Structure formats: structure tokens, C-alpha cells
Amino acid sequence: MVSFRFPFSFSQPSLPKPPRATSSSSRFSVSAVAVTLTVGAAAAVAASRNPRHTILDWVFSSHRSSLLPWGSITLADSSSESVAEPKTGFSFPATIGESRRLLGVGLRKKSLLGLKNIDVYAFGIYADCDDVKKLVGEKYASLAASELRGNKAFMDQLMEADIKMTIRLQIVYSKLNIRSVRTAFQESVGNRLKKFGGVDNDELLQSFTSLFKDEYKIPRSSIIDLTQEPGHVLSVAIEGNHVGSVKSKLLCRSILDLYIGEEPFDKNAREDFLDNVASIAVDK
């Protein structure tokens, strides 16, 4: 396995409250009918929450370190709308492709010698709303939104279902290089492959990490898309250029688990994702 050393130390964070990150200082909800901002309510939300600063125990750790007042914003019919990750200001389009909608944003951080936290990349979680509704209708139509949010069986099936999803990464740390990205995925995805599929998945892991070749440059604001295509094909694109794909249901689930699983990189992003999935599910 490729070795790449970082002079960083890591620790496990405490569970934060759900984030409220949206464009124009407002939270997004795909079930909203129109943009609604209530200044008084937003101020109350902002006043009741404090920014948090924590450190995670992986090469790239995650954290939503600031909160913004929020209301509702329609994403369904507004392709020009964008949502900003509040700490970095990096924005994500409300939709990508023909049908994938933004359901959560997050931030990964790392700690430099335990003295300084570095923003590594912001990320957006996208899913096809029609695919989500179809999954819910097949088995979970009778459940209320609140029940869907806490239903482990539904979450497990969501991550294994053949749903079009994209995790979009936007590089924040200007000194990041492709080798460190590759090494980080070797660690994090490798652990998930062992978790879900056992120990004999070195070849599958190599087929994924080998897509991040040394010649690719990823300066600040570069975009990396990890997309689950129909048939459980994981497609990787860097700056809009397709660099390769791997067909594997196990790999797709392992990637999604990093962002929406029980131990995600950013717990706040996961909660926003679940809230919006539940909203989609009941909006029949």
C-alpha cells in the first residue's frame, strides 16, 4: 500500500447539532414551495447556537464549524440557485445533471500537530429525487418523515439501492495534492470495504485509488465528483473530466458510508441529508 505521511494528530469529535448551511444565509429544503426567510426566527436560531471547533481521527477530519440563520429555499425548479458551505463560503449548485438535487453540504478538516485546524475540502451530497421516492414507495410509504429519519433499515437500503447519487468535493486547502487524496481514500475506503465486505478487497480498493493518478493537479477550488451511476457503477471525474469508473456495489456503499453512514465525516451534513430525504419521501 502506498504510504504518505502527515505530521498531524487526530481525536474523535463530540456529536454536534444539525447544521443550518444555505445560500443567502438560509437553510435549504427540497420540499419547500417558495423561498421563505423569517428574520426574527432566523435570528433566534442563530443566537441559540454557537460555532463549534473539533478534530476527527482520520487524515481528513470533518466538521461544520459555524452556523447561519436559515429558512426554506426551493431547489426543485431553480437550477441557478446555489448553497454555500458556511465556514469556507464554497458554493454548490442546487442541481447537477438532469435530476440530482443537493441534499446536504459539509466540510472536512485536519489538525496540524494538534495546534491548528485546516479546512481540506467542502462537499455536497446529491441524490436523484425520483429514485428516492421510488425506493420509499416500494417499502416505506406508510412511514412518516420523522420515522424515516431514524429508520436504520431504510438507511441501509438507501445506501445499497441503485440510486443516482453524487458526492462533490471542492478543494479548499491550497497545498493538497492528489497523492494525499489517494492515500486518504486508501485508509477510509479500505476500512469501509473491510466493514461491509471482509478483508479480501485489496484489488477492489486498488482499482478505485489508482484512478487518482499523480499527474492530476488539484489546486484550490478544484472539483472531484464521485458518482454512483445506474448499475452500481462508481464514476470519478476531476474538474469535469471523467478519469475512470469501477462497477461494484460494495465500493459504492463504502463511499456513501463515509458521508451518510452512521459514522460520517460530517454529522451535520448527514442530518441535513436525512431531513431532506425524508421531505422528498413524504412529498408524493
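This is a predicted model: local features need pLDDT of at least 70, side-chain atom pairs count only at pLDDT 80 or more; totals for chains, interfaces and linings use all residues.

Numbering runs from 1 along each chain as its sequence is written, and side-chain values use heavy atoms, with hydrogens and water left out.

Back to our arginine. Arginine 182 sits in helix 5, residues 178-197; helices here are DSSP runs of H or I with at least four residues, strands are runs of E with at least two, and both are numbered from the N terminus. Is arginine 182 buried or exposed? It counts as buried, because its relative accessibility is 11%, and the cut-off for buried is under 20% relative accessible area with a 1.4 Å probe, protein chains only.

What does its side chain pair with? The side chain of aspartate 214, in a polar contact at 2.8 Å. That term means N or O atoms within 3.5 Å, one able to donate a hydrogen and the other to accept it; residues adjacent in sequence count only if both atoms are side-chain atoms.

Now the core. The largest nonpolar core has 59 residues, and Phe185, Phe208, Phe212, Leu226 and Tyr259 touch the most other members. By nonpolar core I mean buried Ala, Val, Leu, Ile, Met, Phe, Trp, Tyr and Cys joined through side-chain atoms within 4.5 Å. Take phenylalanine 208: ignoring neighbours within four places in sequence, its contacts include Phe185, Leu226, Leu234 and Ile255. Apart from that core lies another one of ten residues, among them Phe92, Leu102, Leu107 and Ala122. In soluble globular proteins, nonpolar side chains tend to be buried together.

Zooming out to finish: the chain comes to eight helices and ten strands. Of its 284 residues, 56% are buried. And among contacts with a separation of 6 or more, 70% join residues 24 or more positions apart.

That's my tour; over to you.

Notes:
Buried means under 20% relative accessible area, exposed over 50%, partly exposed in between (1.4 Å probe, protein chains only). Contact means heavy atoms within 4.5 Å.
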